[in-house]
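Work through the exercises below with the model open. Each task is followed by a solution in steps.

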Amino acid sequence: MKVIGIIAEYNPFHNGHLYHINRSVSMTKTKNVVVIMSGNFVQRGECAIIDKHLRAKTAVQNGASLVLELPTLYATQSADLFAKGAVDILNSLGIIDYLSFGSESGNLESLSSVASFIHEEPHEYKILLKSYLKEGLSFPRARSRALEVLTGIGSISTPNDVLGVEYLKHLLRSSSGIKPILVPRKGAGHNDTQIHEGLSSATSIRDYLEQMSKEFCGISPLSSLEILSSIPPSTLDALLYSHANYRWMNTDVFLPDIKTIILREMQEIKRYFEVSEGLENRIYENFLDSVSLEDICMKIKTKRYTLTRIRHILLNILLNITKDTMKRLISSEDVGYARILAFDETGRKLLKKCNPRLPLINKASSFRPENEKQELLWKSDHIADTLYYSRYDSPFSNSFVLSPVFVAKRSE
C-alpha cells in the first residue's frame, strides 16, 4: 500500500490545495494521503485564521486520509526548521513512500541540485555566503546569491520553491527512502484553465477577507464571487461556522501581550530565539507607538532582518520560544511526537501501520512526555493552544481534552 506525504498549513484550505492533493493522487496512483499540518500558529509568523481542528477536518473532507499536527516549535520557525520537523515525522511514521510538494518553478531537477549543494556545503559556498552576510544581506538573499553564482541556477526565492529545497535537503540528510514528487503550483504561470479563477493563494484569501470585513461591516465577505470561486464548499462551511460562532483570528489580537512582555523584560529580549545582538534595542525602541504587528515589523525590518524573520521573532517572544529551548531541541536525538487532528476510515487503517516508536497523540489530556524533546515540544504546544483559544469563545476552547475529528464521508 503506497502512501503520499504532504506538508501543509491550509490557512485556509483552497482550490489550489485541492488541486495539489488530486494531482498527487493521480501521479502516484494511490489515494492514501498523510498530511503534516501546522497547528494554530504557522510558519509565516502568524496565527491561523481558523482553528487547526477545523482546518484538518476540511483537508480530510477534500482528499487527505490522515492529518497530523506539526509541533509548534517547528511550525513557527524558518523554512529549514519547519521542513526538518515535518520530514522527521514523515520518516518516523515508517509508511510514507512519497513526499509531494508544490513548486512555482516546476523544476525538480534544479531544486534537487540546489538541495544537494546545500547539503554538501562545499568550502567555496561557505566563504561566499559569509561574504554576502558581511555586506548586510539577509540570510535568504545571501544564500540565494551564493547559490546562483556557484551553481548557475537562477534565484530560488519563491515560497514553495524555498520550502521544496529544504524538504529535499532534509530527505538527503536523513538518508530517507521517501521519493520526492513535484506538483507545479496553480496560478504560478503554468498552463491550467482555472489559474485565473478566484484568489490564487491562502494569503490573498486572508487579506481579502480582512479587507472586505473592514469595508462592509455587518456583511459577510464570504458571499463574494472571489471567495466562492477560490475555495471548496467545506472550507466555506468552516469559515461560516467560525465567523458565526466566534470570529476569524488575526495575530493583532496578541499585540497587547507582546507589548507587555517586551516592556516587562526590556533588555532580556535577547534571550528569545533569532534575536541577534543589538536587535533587542531596535525592537524595544519601536514597539511602544505601533498600532499593529505589521506596523512594528515594518519599523524594525532592515536589509539584513526580513519581515518574515521579524514576524518569527515576535511570535517567539509571545510563545516564550527561547534560544536555550531551540538549542536543546536541535541537539536532542530523542524521539518526538505528532498529534492526530483528523482522519477518515483509510486514515484509521494507516494509523495501525505506523511505526509504534513514534508517539501519535490521540487525546492530549492522556499524553505524558517521556523524554526531553517531548517535554520541550509539549510545553510550547500547550502555551500556543492556551493563548490561541483564550481570545474568543470557541467550541475548541480546551484543545487538550478533544479527540481527533473523524470524517465519515468526504466532500464530493
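**Exercise 1: a pocket and its lining**

In this predicted model, α9 supplies the largest share of the lining of the second largest pocket, seven residues.

Task: Describe the second largest pocket by its volume and its lining.

Solution. Step 1: the space in the second largest pocket is about 580 Å³. Step 2: it is lined by 24 residues, and Glu46, Glu210, Met249, Asn250 and Thr251 are the closest to its centre. Step 3: two or more lining residues come from each of β4 (46-47), α9 (202-215), α14 (293-300) and α15 (307-319). Step 4: by type, the lining has ten nonpolar, five polar and nine charged residues.

**Exercise 2: salt bridges and burial**

Task: Is Glu265, the partner of Arg271 in a salt bridge, buried or exposed?

Solution. Step 1: the closest N and O atoms of Arg271 and Glu265 are 3.3 Å apart. Step 2: the cut-off for buried is under 20% relative accessible area. Step 3: Glu265 has 15%, so Glu265 is buried. Step 4: Arg271 has 33% relative accessibility and therefore counts as partly exposed.

Task: Which parts of the chain does the salt bridge between Lys52 and Asp385 link?

Solution. Step 1: the closest N and O atoms of Lys52 and Asp385 are 2.7 Å apart. Step 2: Lys52 lies in helix α2 (residues 52-61) and Asp385 in helix α18 (residues 372-389), so distant parts of the chain, 333 residues apart, are linked. Step 3: both Lys52 and Asp385 are buried.

How values were computed:
Residues numbered from 1 in each chain as written. Predicted model: local features only at pLDDT ≥ 70, side-chain atom pairs only at ≥ 80, totals over all residues. Heavy atoms only, no water. 1 Å grid on protein atoms, 1.4 Å probe; cavity = no way out; pocket = protein on both sides within 12 Å on 5 of 7 lines; lining within 4 Å. Points joined across faces, edges and corners; volume = space filled by probe spheres on them. Helix = DSSP H or I, 4+ residues; strand = E, 2+ residues; numbered from the N terminus. Nonpolar A, V, L, I, M, F, W, Y, C, P; charged D, E, K, R; others polar. Salt bridge = Lys/Arg side-chain N within 4 Å of Asp/Glu carboxyl O. Buried < 20%, exposed > 50% of the residue type's maximum accessible area, 1.4 Å probe, protein only.
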